[in-house]
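The following exercises are to be worked through with the sequence and the three-dimensional structure at hand. Each consists of a task and a stepwise solution.

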Amino acid sequence: MKLTSKKILASALFLGLDFGIASIAFADKSLVMGFAQVGAESEWRTANTASIKDAAGKAGVTLKFSDAQQKQENQIKAIRSYIAQKVDVIAFSPVVESGWDTVLKEAKSAKIPVILTDRAVNVTDKSLYVTFIGSDFVEEGHRAGRWLLERAKTMPAGDINIVELQGTVGSAPAIDRKAGFEQEIATNPRLKIIRSQTGDFTRAKGKEVMEAFLKAEGKKINVLYAHNDDMAIGAIQAIEEAGLKPGKDILIISVDGVKGAFEAMMAGKLNVTVECSPLLGPQLMQVAKDIVAGKSVPKRITTVEGVFPAEIAAKEFPNRKY
């Protein structure tokens with residue numbers, strides 16, 4: 001006679017056996033994950049969401065998904081909803097770094113493990129989350145800075161004026177990409193950031209802020225450093241509308257490595273993109289399963305990424321998945 005897990009569980013209960021009952025019962029249901037996403041502000045974020053949803057389906061994970069529309073209060077509401085629903089694990093990509101202590105303490109009290117994806121949080125008690133899966137944003141800033149240091153060797157003498165499009169104020173990638181970049185360019189006194197303002201990681205805001213930079217500084221601008229590709233693509237539009245040639249009159253450095261950036265590089269309008277992979281879904285599902293199964297996982301899981309200058313864009317483009 002073929003016994004299902006339900007029949008085994010019933011037999012165990014009838015016989016008064018308590019060993020292994022929890023694991024047998026869990027095997028009969030799928031893992032339930034509550035995921036609170038930042039929003040859909042960029043090509044990168046759209047690809048990140050698609051990766052998570054696709055990976056959940058393939059892994060047999062029941063996914064409860066929410067879009068915070070780039071508002072922290074929406075994410076906190078979503079996390080509290082997941083706690084009330086008693087999901088098995090909560091994962092989220094925080095809009096900003098601070099302000100999470102209270103809701104994460106609530107999750108801990110409910111004995112629901114929390115996984116951070118893509119962005120970190122600034123909390124005094126590191127036990128409020130189990131692990132952080134994502135890129136090293138400071139290193140991304142370093143890579144952008146190192147590329148510029150090398151390029152500066154071939155540029156005319158004199159100051160090299162940089163304008164910077166920052167990501168969302170208070171977010172981990174904005175803080176860290178700025179810090180890493182500034183640490184690198186500090187080694188060359190010719191490199192000077194003359195304007196720096198948030199573009200909220202969006203194409204429209206990137207264009208709007210670049211227009212303001214151009215009105216204020218005009219042809220004094222030699223380099224644009226954008227914290228993501230979408231802002232860089234918006235800025236490219238502003239530069240062209242101002243009668244200048246992006247990628248030539250103004251060198252453009254950005255971060256993410258989305259297909260739109262590769263298309264801009266192949267068109268000669270963007271000079272380099274530093275990769276930040278959004279395809280975290282499969283890794284997230286496996287880590288969630290390991291945590292629920294009681295396995296230990298590293299506190300920090302870093303994704304492996306590269307740097308793609310315009311010279312190799314055409315060769316690499318067919319390999320891009322986002």
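**Exercise 1. A salt bridge between strand and helix**

Determine whether Glu-217 is buried or exposed, and describe the salt bridge between Glu-217 and Arg-195.

Solution. Step 1: Glu-217 has a relative accessible area of 12% and is therefore buried; buried means under 20% relative accessible area, exposed over 50%, and partly exposed in between, with a 1.4 Å probe and protein chains only. The model is a predicted one, in which local features need pLDDT of at least 70 and side-chain atom pairs count only at pLDDT 80 or more, while totals for chains, interfaces and linings use all residues. Residues are numbered from 1 along each chain as its sequence is written, and side-chain values use heavy atoms, with hydrogens and water left out.

Step 1: Glu-217 forms a salt bridge with Arg-195, and their closest N and O atoms are 2.8 Å apart. A salt bridge is a side-chain nitrogen of Lys or Arg within 4 Å of a carboxyl oxygen of Asp or Glu.

Step 2: The pair links distant parts of the chain, with Arg-195 in strand 7 and Glu-217 in helix 8 (residues 203-217), 22 residues apart. Helices (H or I, at least four residues) and strands (E, at least two) are DSSP runs, numbered from the N terminus.

Step 3: Arg-195, at 35% relative accessibility, is partly exposed.

**Exercise 2. Further salt bridges**

State how many salt bridges a search of the whole structure finds, and describe the pairs Lys-153 with Glu-150 and Glu-316 with Arg-320.

Solution. Step 1: The search of the whole structure gives 26 salt bridges.

Step 1: In the pair of Lys-153 and Glu-150, the N to O distance is 2.8 Å. Lys-153 is exposed, at 61% relative accessible area, and Glu-150 is partly exposed, at 48%.

Step 2: Glu-316 and Arg-320 meet through their side chains at 3.2 Å, N to O. Glu-316 is buried, with a relative accessible area of 18%, and Arg-320 is buried as well, with 8%.

Step 3: Glu-41, Arg-45, Asp-118 and Arg-119 belong to one network, joined by salt bridges that share partners.

**Exercise 3. The six-stranded sheet**

Give the strand order of the open sheet of six strands, and identify the helices that lie across strand 6 and strand 8.

Solution. Step 1: The order is 7-6-8-9-10-12, and the pairing is mixed. Two strands pair if DSSP finds at least two bridges between them.

Step 1: Strand 7 (191-198) and strand 12 (307-309) are the edge strands; each has a single partner strand, so one side of each lacks a neighbour in the sheet. Neighbouring strands are turned by 15° against each other on average, direction ignored. Axes are lines fitted to C-alpha atoms, for helices over the stretch in contact, and angles run from 0 to 180 degrees between N-to-C directions.

Step 2: Strand 6 (residues 160-166) and strand 8 (residues 223-226) run parallel and are joined by four bridges. Opposite Val-163 stands Leu-224 in strand 8.

Step 3: Helix 7 (residues 172-185) lies across strands 6, 7, 8 and 9, at about 170° to strand 7. Helix 9 (residues 229-241) lies across strands 6, 8, 9 and 10, at about 155° to strand 9.

**Exercise 4. Positive phi values**

Solution. Step 1: Most residues other than glycine have a negative phi. Gln-69 has a positive phi of about 50°, and phi of Asp-256 is near 140°.

Methods
Contact means heavy atoms within 4.5 Å.
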